[in-house]
Amino acid sequence: YSMFGEIDLIMEKDDVLFFVEVKYRSNTNYGTPREALNHKKIQHLERSIQLYLKSYPVKNVKHRLAFLGILKVREELQFDFIENIMA
C-alpha cells in the first residue's frame, strides 16, 4: 500500500513482474470493470509500482501493469484480462 493506492496482485512469470489491478463488478450499474480503469487510475498504479520497485532487491527488473476484470452476469463470471497496459 502507498499513498497512491494498493497493488492487488504481484506475480512473476519468465523473469517479468506483473502488477495486476483487479476489478470486480456484480452488475453493470456503475459500469463494467474495464470502465473503472481510467487514465488517472493507471497513473496512480504506475506511481505505486515505482515506489515498490525502489525497494525491490533486483534493479532494472522487467515489469508490466496488467488488468483482470471480473463481471458477474446472472450466475456466471466473465473474465477480461489485459496483459500489458500502457498509460
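The model is predicted: local features need pLDDT of at least 70, side-chain atom pairs count only at pLDDT 80 or more, and totals for chains, interfaces and linings use all residues. Residues are numbered from 1 along each chain as its sequence is written, and side-chain values use heavy atoms, with hydrogens and water left out.

Start with the salt bridges. The structure holds 4 of them. A salt bridge is a side-chain nitrogen of Lys or Arg within 4 Å of a carboxyl oxygen of Asp or Glu.

Take Arg34 and Asp80. They form a salt bridge, with their closest N and O atoms 2.6 Å apart. This pair links distant parts of the chain. Arg34 sits in the loop between β2 (16-25) and α1 (39-54), while Asp80 sits in strand β4 (residues 76-82), 46 residues apart. Helices (H or I, at least four residues) and strands (E, at least two) are DSSP runs, numbered from the N terminus. Arg34 is partly exposed, at a relative accessible area of 42%. Asp80 is partly exposed too, at 24%. The cut-offs are these: buried is under 20% relative accessible area, exposed is over 50%, and partly exposed is in between (1.4 Å probe, protein chains only).

Next come Glu83 and Arg64. Their closest N and O atoms are 2.7 Å apart in a salt bridge. Glu83 lies in the segment after β4 and Arg64 in strand β3 (residues 62-73), so the pair ties together parts that are 19 residues apart in sequence. Glu83 is partly exposed at 40% relative accessibility. Arg64 is partly exposed at 30%. Elsewhere, salt bridges that share partners join Glu21, Lys23 and Lys41 into one network.

The side chains of Lys23 and Glu21 meet in a salt bridge of 3.5 Å, N to O. Is Glu21 buried or exposed? Glu21 is buried, with a relative accessible area of 2%. Beyond residues up to four places away in sequence, Glu21 touches several others, among them Glu6, Asp8, Lys41 and Phe67. Contact here means heavy atoms within 4.5 Å.

Finish at the surface. Tyr24, Leu77 and Phe79 form a nonpolar patch there, with about 340 Å² of accessible area together. Patches are made of residues with over 30% relative accessible area and no salt bridge; like charges are joined within 9 Å, nonpolar side chains (Val, Leu, Ile, Met, Phe, Trp, Tyr) within 5 Å. Accessible areas come from the Shrake-Rupley method with a 1.4 Å probe; for residues, only the protein chains shown count as cover. Leu77 lies in strand β4 and is partly exposed, at 46%.
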